Amino acid sequence: MAAPTEKKEIDISLQAYDPEYCPVATGLRNIGNTCFMNAIVQAMLGITSIFKTAYLQRESDSVANNPILQLFVKMFTDKSRINEYTQTLYREMIGKSLKRIDLTRMDIWSQEDSYEMFVFILEELCKCPDIEILFNHRTTTTRKCLKKGCGHTSTTRDTNQMFIVQPDIKVDQLPETKSDETSQDLNDFLKKYVSCVPDFTCKVCKDKGTKLTFTKVTMIPEVICVVFRKYFQKRATPFPMKLKFADVKEKKNYIYDLIAQVEHSGSQGGGHYYAICRRKDGWKRLDDESVSDGIPGPTENTYLVFYHYVGDEYV
Ligand SMILES: [Zn+2]
């Protein structure tokens with residue numbers, strides 16, 4: 001049986017994907033190594049709940065006083081100036097990074113990375129609480145000491161905004177797993193996963209070593225973002241077009257559709273980013289200024305994938 005997943009506790013219902021708030025495909029100019037920025041902006045433009053929330057609450061202080069959120073709303077409402085707004089966003093984000101004391105200049109300029117940029121942008125958008133709840137999911141993690149005769153377990157609860165996944169979901173996540181074992185299905189992984197913490201000291205027996213952790217998702221958001229870590233090898237990690245999370249009590253499944261994927265071709269040091277996104281006019285490959293028909297699905301270049309809640313299925 002699937003692990004039970006609770007719906008949001010504060011808002012009774014999840015906000016479904018709304019095609020009315022999905023833009024028509026438009027290319028973005030590359031103004032010098034900005035493909036990483038263009039790709040993530042294109043992926044985020046497909047997250048309809050950002051625009052719907054911001055548009056419906058445009059009078060509220062948390063939306064009106066958030067300049068980055070305002071830029072996204074302008075990109076959506078004033079398509080003819082989308083390039084101008086994206087460039088402003090880029091400059092704003094670089095400016096904000098330079099002011100951060102937890103980053104060195106090297107970090108800012110050497111990592112022209114779509115994921116890093118997404119984290120930065122999301123941090124700004126999430127200053128608006130109604131945007132933040134679109135991304136937050138909650139997990140419960142149980143850690144178990146494997147020392148013979150101990151078996152101490154401890155539990156922690158966390159709130160996260162992204163799922164970070166090794167390219168080969170099961171094998172890399174858990175080194176003890178036999179190499180001939182097949183990869184875990186991504187949807188199952190997102191509900192419940194096993195990982196290990198190296199060099200962890202057990203509170204009870206003081207044994208230091210690798211400990212297993214079991215993480216279960218207990219609350220789901222509107223938007224599910226999965227990051228595939230690709231530092232060691234490039235290979236296609238299977239991901240489905242739809243995700244399902246079971247609500248056992250209500251006898252239903254929460255259904256999510258794939259809405260965007262960010263692709264990174266080439267090596268870690270260099271390379272090129274583009275996005276494959278669902279748009280009002282169909283699935284498109286958005287590669288800087290070039291717009292063509294796109295086919296969603298796993299490739300060895302897939303770096304980030306985005307799913308949006310679409311509705312419930314009663315079982
Ligand atoms: Zn122990």
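Predicted model: local features only at pLDDT ≥ 70, side-chain atom pairs only at ≥ 80, totals over all residues.
At roughly what angle do the axes of helix α2 (residues 48-56) and helix α4 (residues 67-77) cross, and within what distance do they come?

View 1. The axes of α2 (residues 48-56) and α4 (residues 67-77) come within 10 Å and cross at roughly 105 degrees. Since angles of 65 to 115 degrees count as roughly perpendicular, the two helices, α2 and α4, are therefore described as roughly perpendicular to each other. On the α2 side the contact is made by Ile 50, Phe 51, Ala 54 and Tyr 55, and on the α4 side by Leu 69, Phe 72, Val 73 and Phe 76. Divided by residue class, this contact of α2 with α4 holds 8 nonpolar residues, with no polar and no charged ones.

**View 2. Helices α1 and α7.** Helix α1 (residues 35-45) and helix α7 (residues 114-125) have axes that come within 9 Å and cross at roughly 55 degrees, an angle that makes α1 oblique to α7. The crossing of α1 and α7 is right-handed. From α1 the contact involves Phe 36, Met 37, Ala 39, Ile 40 and Met 44, while α7 contributes Ser 114, Met 117, Phe 118 and Ile 121. The residues of this contact of α1 with α7 divide into 8 nonpolar and 1 polar, with no charged residue.

**View 3. An open sheet of 4 strands.** The strands follow one another in the order β2-β1-β5-β4, and their pairing is antiparallel. At the edges of this sheet lie β2 (153-160) and β4 (192-201), each of which pairs on one side only. From one strand to the next, the twist averages 30 degrees.

**View 4. The pairing of strands β1 and β5.** Strand β1 (residues 137-144) runs antiparallel to strand β5 (residues 208-219), and the two are joined by 7 bridges. In general, strands of a sheet pair through backbone hydrogen bonds, either parallel or antiparallel.

**View 5. The setting of the close-ups within the whole protein, with its 10 helices and 12 strands.** The protein has 315 residues, of which 32% count as buried. Among the contacts in the protein with a separation of 6 or more, 69% are accounted for by residues 24 or more positions apart.

Technical notes
Residues numbered from 1 in each chain as written. Axes fitted to C-alpha atoms, helices over the stretch in contact; angles between N-to-C directions. Parallel < 35°, antiparallel > 145°, perpendicular 65-115°, else oblique. Contact = placed C-beta atoms within 7 Å. Nonpolar A, V, L, I, M, F, W, Y, C, P; charged D, E, K, R; others polar. Buried ≥ 20, exposed ≤ 12 C-beta atoms within 10 Å, placed from the backbone. Left-handed = near helix turned anticlockwise from the far one by under 90°. Pairing = 2+ DSSP bridges.
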